Structures are given as C-alpha cells and as structure tokens.
Amino acid sequence: IRANLDDPKALELATAFGTGLAIHAKQRPGSLRQACAKLGVPALTMEAGEALRFDANAVEVGVRGVERLVACRAGREIEAIPTLMIRSSKWLRAKRSGLFWSEVRPGDHVSTGQIVGRLTDLLGDYSVKVKSPADGVVLGLNLLPTVHQGDALLNLGFLPVD
C-alpha cells in the first residue's frame, strides 16, 4: 500500500488494509490521491502484480483489503496484521546494458552489500554484481531480461532504523 503515512487517517487505512507493508508517499501533482487530500479524504494505492498482466493473487489481496476496510469503517473488529512502514525507497539502476539476472523476489529482505542480481552480456562474457546499498525489502522488480544502462532493475524500500 502506498499512502501519505503522515496523515493519521491514511495511516489507519493503510494498516487496516492488511498487506503487511505500507510505503510512505506524498501526493503527486494531478494524482487522484492529491485530489482526495485536497478534499480531506484519505486515499491509498495498492501496488501489486506485474505490469500488463492480471495476477489472480494480487486481485485476491486487493479484494480482501477492501473487505477489511469496509468492515473497519462499519465498526466491526478485524484481525490486526503487523505492518512494516517504509519511509523511503530507491530504484537500483543498471550500470551497463545487458541481461539482468535477479537473485531476489519482491518481498525479500536484503542486507547491505548483498548481491541482489547480476548483469551479463548475451554470451556471459562479463558479469557485474548488483549489490544492495542498504538493509531493505524488495518492493518491485524489473522482470524484463534485457536492460539498457540506466534502466530500473529493482525498487528497494529502506528498513526503518531503530
């Protein structure tokens, strides 16, 4: 769930939705979330699945989340699901063109310096290790094998520092 976690109402909704992961995001100009914020209506965005594909599991998570929100707003008790709050994230980008071989999946926790993937040429003549710059959780992943220098490879959510 992506929401303005500084807004107590949006934070309550993000937690109630029940995905176990909420990412802080300010409103983007011209977005539906920004229009809602101007009206004082908390809003959140669920991000799941792959681009250009239907994902039955992601749809089911969304349906369950909406059912939980309806139950919560109706005053019914819902099971509390611990939610990891991510305050910032960063896309790791390809330092050169080639094939990206991921060694992680969305939702995986990674450590600073951990190899999260490799870039190779078509023949495997070179291999560039892609390492995590910090402790975090994999939020998104480029599933296209061919990448160009500068392309997004992996979205890393930075874990809160205690």
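Arg-33 lies in helix 2 (residues 32–38), helices being DSSP runs (H or I) of at least four residues and strands (E) of at least two, numbered from the N terminus. Beyond its neighbours within four places in sequence, Arg-33 is in contact (heavy atoms within 4.5 Å) with residues including Arg-2, Asn-4, Ala-25, Gln-27 and Thr-45. The model is predicted: local features require pLDDT of at least 70 and side-chain atom pairs pLDDT 80 or more, whereas totals for chains, interfaces and linings use all residues. Residues are numbered from 1 along each chain, and side-chain values use heavy atoms, without hydrogens and water.

Arg-33 is buried but forms no salt bridge, Glu-47 being the nearest side chain of opposite charge at 6.9 Å. Buried denotes under 20% relative accessible area (1.4 Å probe, protein chains only); a salt bridge places a side-chain nitrogen of Lys or Arg within 4 Å of a carboxyl oxygen of Asp or Glu. The Arg-33 side chain does reach the backbone oxygen of Ala-25, at 3.2 Å.

An open sheet comprises four strands in the order 9-8-6-11, with antiparallel pairing; two strands pair if DSSP finds at least two bridges between them. Its edges are strand 9 (127–131) and strand 11 (146–147). Strand 6 (residues 98–102) is joined to strand 11 by two bridges, and Gly-98 has Val-147 as its bridge partner.

Conventions
Buried < 20%, exposed > 50% of the residue type's maximum accessible area, 1.4 Å probe, protein only. Lys, Arg positive; Asp, Glu negative; His and termini not counted. Polar contact = N/O pair within 3.5 Å; in protein donor to acceptor, adjacent residues only side chain to side chain.
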